[in-house]
Amino acid sequence: MNELDPLHYPVRRHGMDHDRYAWSMLSTRKPVHWPGGKTLALWVNVGMQFFPMNPQKKPLSVAGNMTMPYPDLRHYSLRDYGNRVGIQRLLKAFDRYGVKPTFAFNTRLAERTPALLRQVLERGDEISCHSWSMDTAHAGGLDPAAEAELVKRSIGGLRTLTKREIRGWISPGKLQSAATPELIKTEGIDWCGDWVNDDMPYSFRTDHGPLWAMPLSTELEDRFVLMDNLHSAQSWAEQVSDACDLLLKEAATEGGRILSLSLHPWVLGQPHRIKYLEQAMEYITAQPQVWSAHASTILDAFTAQQ
Amino acid sequence: MREDTGYYDYWPYQNRPKIRWPGGARLAFWVAPNIEFYELNPPANKFRAAWPTPSPSIPGYSIRDYGNRVGHVRQMQLLDKYGIRGSISLSAALCEHHPEIIAMCRERNWEFFSHGIYNTRYTYGLSEAEERAMILDSIETIERHTGKKPAGYLAPALSHSEVTIDLFAELGGLYTCDLFHDDQPTPLKVRSGKPFVSVPYSLEMNDTIAYVVNKVEPRLYGQMLKDNFDRLYAEGAESGTVMCIPTHNYQVSCPHRLKAFEEALEYITGHSDVWVTTGREIAEHYLQHHYAAATASIAGAAA
């Protein structure tokens with residue numbers, strides 16, 4: 001038998017077929033309680049993204065990247081629209097409804113747009129690292145030494161630019177190479193939002209000590225719902241309120257839950273869509289059991305009870 | 001390669017012998033949760049790639065793991081609420097990986113049928129002997145862990161050979177979910193000549209087909225389920241129909257999708273002439289009461 005034998009199953013055993021985390025059903029875990037007696041934590045993640053007009057697409061291209069022959073002015077500028085105009089609409093919506101967003105920055109964007117970075121820094125919201133740019137996919141096939149340099153440059157650079165502790169990491173397209181978890185742990189990252197296999201945080205093994213996996217839904221992400229599924233913005237808002245209802249109901253008996261919303265200024269920041277973000281924020285924040293908090297604050301409240 | 005499946009002859013819907021379900025029901029309703037295990041690093045199959053991105057393919061792998069960690073219990077609680085026993089389309093290796101899920105389903109007297117070993121191991125490229133060994137492994141694994149030999153088959157990831165259904169019948173199976181040619185059970189011609197049936201499973205109602213392939217909005221999916229039921233329920237008064245909702249815990253159990261599914265379950269089970277049942281019970285009832293008449297009718301239709 002070799003490993004290409006279609007009937008050979010080398011890791012057919014109890015638990016997972018890898019050793020990154022323990023097999024655990026959410027329903028069997030200790031209930032969690034959020035501060036102030038709240039039952040549903042709202043984590044709003046805003047992707048602060050830079051899509052270079054000259055992408056290398058190595059080892060691959062993530063969603064939202066340039067697709068036309070160079071120079072792809074249309075996609076470059078449409079993404080840039082989010083950082084100039086769309087983001088302002090998102091920020092107004094968050095402030096109007098008392099939502100505390102966490103901003104996942106491509107370090108290259110923070111470097112290129114100091115005014116935007118300053119505006120975000122002045123808000124006092126959490127900033128996490130989203131790699132160097134949307135053209136730096138951490139995926140199988142990336143040279144390990146190059147990835148180590150990329151991770152170091154992205155996290156170190158963002159710390160220098162923000163003068164902040166950077167605790168969280170989200171890879172472009174939520175892709176990872178086999179080495180990504182070790183590399184971000186080495187750079188002092190506490191939590192990672194790439195794996196979408198849970199609704200609550202869990203401990204994730206690396207060779208250099210554990211990370212926390214934070215649950216950031218792709219299925220409910222604005223870009224996924226609108227651009228991949230081609231649903232309307234109105235449907236997105238309905239899906240968010242339906243998710244909010246379900247999680248609140250479950251949290252009433254099973255312990256605290258997290259509603260994570262991954263948003264993109266270049267998607268929901270458009271004039272014809274922003275109303276639906278506002279409706280979603282209005283619906284969620286009208287629920288008395290909802291606690292809007294930064295990702296690391298939610299994680300700290302969780303880990304304090306473990 | 002053949003021009004058609006070879007498993008059945010043309011047999012139009014009208015003028016068939018009427019199917020009478022237990023209790024005088026006009027529609028047999030079953031829910032088939034696919035409880036699957038996808039491998040992070042499966043061996044390469046030259047006919048079909050398991051994952052769209054290079055290994056490790058985190059997006060695809062992790063959302064499927066969500067189904068087992070989070071989604072399963074959510075859907076199970078819903079089926080409990082509406083008095084539905086799931087008919088599980090089971091990746092047999094899940095018996096080894098996640099026996100905790102198997103135990104919960106056994107407690108509820110749910111049905112387990114075979115969906116291969118892993119949903120990342122395809123039938124494509126297997127020799128007949130290898131496919132037989134794979135199917136037999138799945139049957140024996142499920143019997144060992146659940147106490148009962150599976151009666152039904154749905155090929156892993158719907159990957160088939162020309163003899164998939166023949167092999168499953170020879171290994172003692174009663175029914176298959178692999179064919180989508182009808183809204184009623186139909187006899188199939190298998191090479192062993194054993195009585196064997198196709199039980200309607202429905203790709204159209206399958207949540208993964210609806211959400212991932214057809215990109216249906218969650219609330220519309222709920223409406224599709226109700227519309228599908230309404231027509232089959234009406235026709236069932238004359239013909240006797242089957243409606244299946246095939247589900248996946250990583251799709252239908254996501255927080256933004258469960259409500260629409262629940263509304264459909266509440267609607268369907270709120271009707272009086274519905275037999276809420278399992279795939280095996282449909283197959284057994286059909287084989288016992290309707291198989292002979294159907295076979296005769298098919299012979300007449302061909303004449």
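Select L230(A). This residue is exposed, with a relative accessible area of 67%. (Exposed means over 50% relative accessible area, buried under 20%, and partly exposed in between, with a 1.4 Å probe and protein chains only.) L230(A) sits in the loop between α6 (222-228) and α7 (233-254) of chain A. L230(A) is not a glycine, yet its phi is positive, near 60 degrees.

A word on what you are viewing: this is a predicted model, where local features need pLDDT of at least 70 and side-chain atom pairs count only at pLDDT 80 or more, while totals for chains, interfaces and linings use all residues. Residues are numbered from 1 along each chain as its sequence is written, chains are lettered from A and ligands numbered from 1 in the order in which they are written, and side-chain values use heavy atoms, with hydrogens and water left out.

**Stop 1: a loop in chain A**

Select M66(A). Is M66(A) buried or exposed? M66(A) is buried, with a relative accessible area of 2%. Its place is the loop between β1 (40-48) and α1 (73-96) of chain A. Show what surrounds M66(A). Leaving aside neighbours within four places in sequence, its contacts are F51(A), P52(A), M53(A), P55(A), K57(A), D72(A), H75(A) and Y76(A). (Contact means heavy atoms within 4.5 Å.)

M66(A) and E254(A) are 188 residues apart in sequence. Draw a line from C-alpha to C-alpha: it spans 44 Å.

Move to P71(A). P71(A) is also in the loop between β1 and α1 of chain A. Look at the peptide bond from Y70(A) to P71(A). That bond is cis, with omega near -5 degrees.

**Stop 2: all of chain A**

Zoom out and colour by secondary structure. Chain A has 10 helices and 9 strands. Its C-alpha trace spans about 60 × 55 × 40 Å along the principal axes. The radius of gyration of chain A is 19 Å, which agrees with the value near 19 Å for a compact globule of 306 residues. (The radius is taken over C-alpha atoms, and the globule rule is 2.2 Å times the number of residues to the power 0.38.)

Of the 306 residues of chain A, 60% count as buried. Take contacts between residues at least 6 apart in sequence: in chain A, 71% of them join residues at least 24 apart.

**Stop 3: where the chains meet**

Show both chains. How many residues of chain A are in contact with chain B? There are 57, and they touch 57 residues of chain B. Select R12(A), W23(A) and E219(A). In chain A, these three lose the most area to chain B, together 16% of what that side buries. Between them, chain A and chain B bury about 4,500 Å², with 56% of it on carbon and sulfur atoms. (Buried area is the accessible area, with a 1.4 Å probe, that two parts lose on being put together, summed over both.)

**Stop 4: all of chain B**

The secondary structure of chain B comes to 10 helices and 9 strands. Its C-alpha trace spans about 55 × 45 × 35 Å along the principal axes. The radius of gyration of chain B is 19 Å, in agreement with the value near 19 Å for a compact globule of 303 residues. Buried residues make up 59% of the 303 residues in chain B. Among contacts in chain B between residues at least 6 apart in sequence, 75% join residues at least 24 apart.

**Stop 5: details in chain B**

Select D9(B), in the segment before β1 of chain B. D9(B) is partly exposed, with a relative accessible area of 36%. Which residues does D9(B) touch, not counting those up to four places away in sequence? They are K189(B) and I298(B). D9(B) and K189(B) are 180 residues apart in sequence, but 8.7 Å apart in space, C-alpha to C-alpha.

Go on to P56(B), in the loop between β1 (27-35) and α1 (58-81) of chain B. The peptide bond joining S55(B) and P56(B) is cis, with omega about 0 degrees.

End at N109(B). Find it in the loop between α3 (99-107) and β3 (111-114) of chain B. N109(B) is not a glycine, but its phi is positive, about 55 degrees.

Conventions
Helix = DSSP H or I, 4+ residues; strand = E, 2+ residues; numbered from the N terminus.
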